[in-house]
Amino acid sequence: MSNRREYEIAFVGLKPGVHQFEYIVDHSFFEDFGAQDFILSEGIVKLQLDKSSSFLMLRFQVGGKAQVNCDRCSNELPLQLFEDFTVTVKMSEDPDTANEEEEDPDVYYISRGESTLDVKTWIYEFISLSIPMQKTCEFESMDGPYCNADARAILERIRVQQNQPQQNPLWKGLDKFKNGNEAVENTN
């Protein structure tokens, strides 16, 4: 388990202006959040906190490398992470109600009496959002350098079989009745 306090920022003691934080994250970071469908081999989250008198502007830059499984051939694929996310933190007398009523997902409210801000959940969410929903060897084709050749051959065989016309045995023998006139003439 990771230390919870390392992701807390005591923003009350910070002067107004821009402050930089950097978090080195590996796969053990995700133990608190349960099983993931990727392995983060090395992750760096750079956080730029811009403090003003009425709000905090947080800019998360997610970078690093992850291992994912291809959705087509199930081989391991290396994935380069690079995403930016922004969150605006505002002060409120009733943050629970304000968060429920807020429609913008990039705005978050905290109590005016708060002195620290825990960014661990945001780091988790933003790294998870950096992993694409569809993970494939190549975007357009399955002939990338990481593609499993055996799986590609099986999928090609299935594709060819699906494109061949299939004859349903239920209709076998009914072909002779296609032209109703010919069938009637032959019986007379």
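This is a predicted model: local features need pLDDT of at least 70, side-chain atom pairs count only at pLDDT 80 or more; totals for chains, interfaces and linings use all residues.
Q: Is H19 buried or exposed?
A: H19 is found in strand 2 (residues 17-25); strands (E, at least two residues) and helices (H or I, at least four) are DSSP runs, numbered from the N terminus. Buried means under 20% relative accessible area, exposed over 50%, and partly exposed in between (1.4 Å probe, protein chains only). The relative accessibility of H19 is 18%, so the residue counts as buried.

Q: Which residues does H19 touch, not counting residues up to four places away in sequence?
A: Contact here means heavy atoms within 4.5 Å. With residues up to four places away set aside, the list for H19 is L14, L47, Q48 and L49.

Q: What pattern does the chain follow, read along the sequence?
A: The chain's secondary structure comes to four helices and seven strands. Read along the sequence, these elements follow the pattern β-β-β-β-β-α-β-β-α-α-α.

Q: Of the contacts in the chain with a separation of 6 or more, what percentage do residues 24 or more positions apart account for?
A: The chain has 188 residues, and buried ones make up 31% of them. Among contacts with a separation of 6 or more, the share from residues 24 or more positions apart is 57%.

Q: Why are the buried residues of helix 2 on the same side?
A: The buried residues of helix 2 (residues 120-130) are K120, W122, I123, F126, I127 and S130. They lie on the same side of helix 2 because the arc they cover around the axis is only 160°. That arc is taken from the directions from the helix axis to the C-beta atoms. An α-helix has 3.6 residues a turn, so residues three or four places apart point the same way.

Q: Which strands do the buried residues of helix 2 pack against?
A: Helix 2's buried residues include W122 and F126. The buried set packs against strand 2, strand 3 (38-51), strand 4 (55-69), strand 5, strand 6 (107-111) and strand 7 (117-118).

Q: What is the angle between the planes of F29 and F33?
A: Rings of Phe, Tyr and Trp (its six-membered ring) pair if their centres lie within 6.5 Å, with planes under 30 degrees apart counted as stacked, over 60 as edge-to-face and the rest as tilted. The whole structure holds eleven aromatic pairs. F29 and F33 form a tilted one, 5.8 Å centre to centre, with an angle between the planes of 40°.

Q: Which residue lies over the face of F29?
A: F29 counts as buried at 3% relative accessibility, and ring pairs link Y7, Y23, F29, F30, F33, F38 and Y124 into a cluster. A charge sits over a ring if NZ of Lys or CZ of Arg is within 6 Å of the ring centre and within 35 degrees of the ring normal. At 5.5 Å from the ring centre of F29, the residue over its face is K120.

Q: What is the relative accessible area of L58?
A: L58 lies in strand 4. Not counting residues up to four places away, L58 touches L47, Q48, L49, F85, T86, V87, V89, L117 and W122. L58 is buried, with a relative accessible area of 0%.

Q: How many Å apart in space are I39 and A66, C-alpha to C-alpha?
A: I39 is found in strand 3 and is partly exposed, at 45% relative accessible area. I39 touches H27, K65, A66 and Q67, leaving out residues up to four places away in sequence. In sequence I39 and A66 are 27 residues apart, and in space their C-alpha atoms are apart by 5.5 Å.

Q: How many residues apart in sequence are G63 and S130?
A: G63 has its place in strand 4 and counts as buried at 16% relative accessibility. The C-alpha atoms of G63 and S130 are 8.8 Å apart in space, and their separation in sequence, in residues, is 67.

Conventions:
Residues are numbered from 1 along each chain as its sequence is written. Side-chain values use heavy atoms; hydrogens and water are left out.
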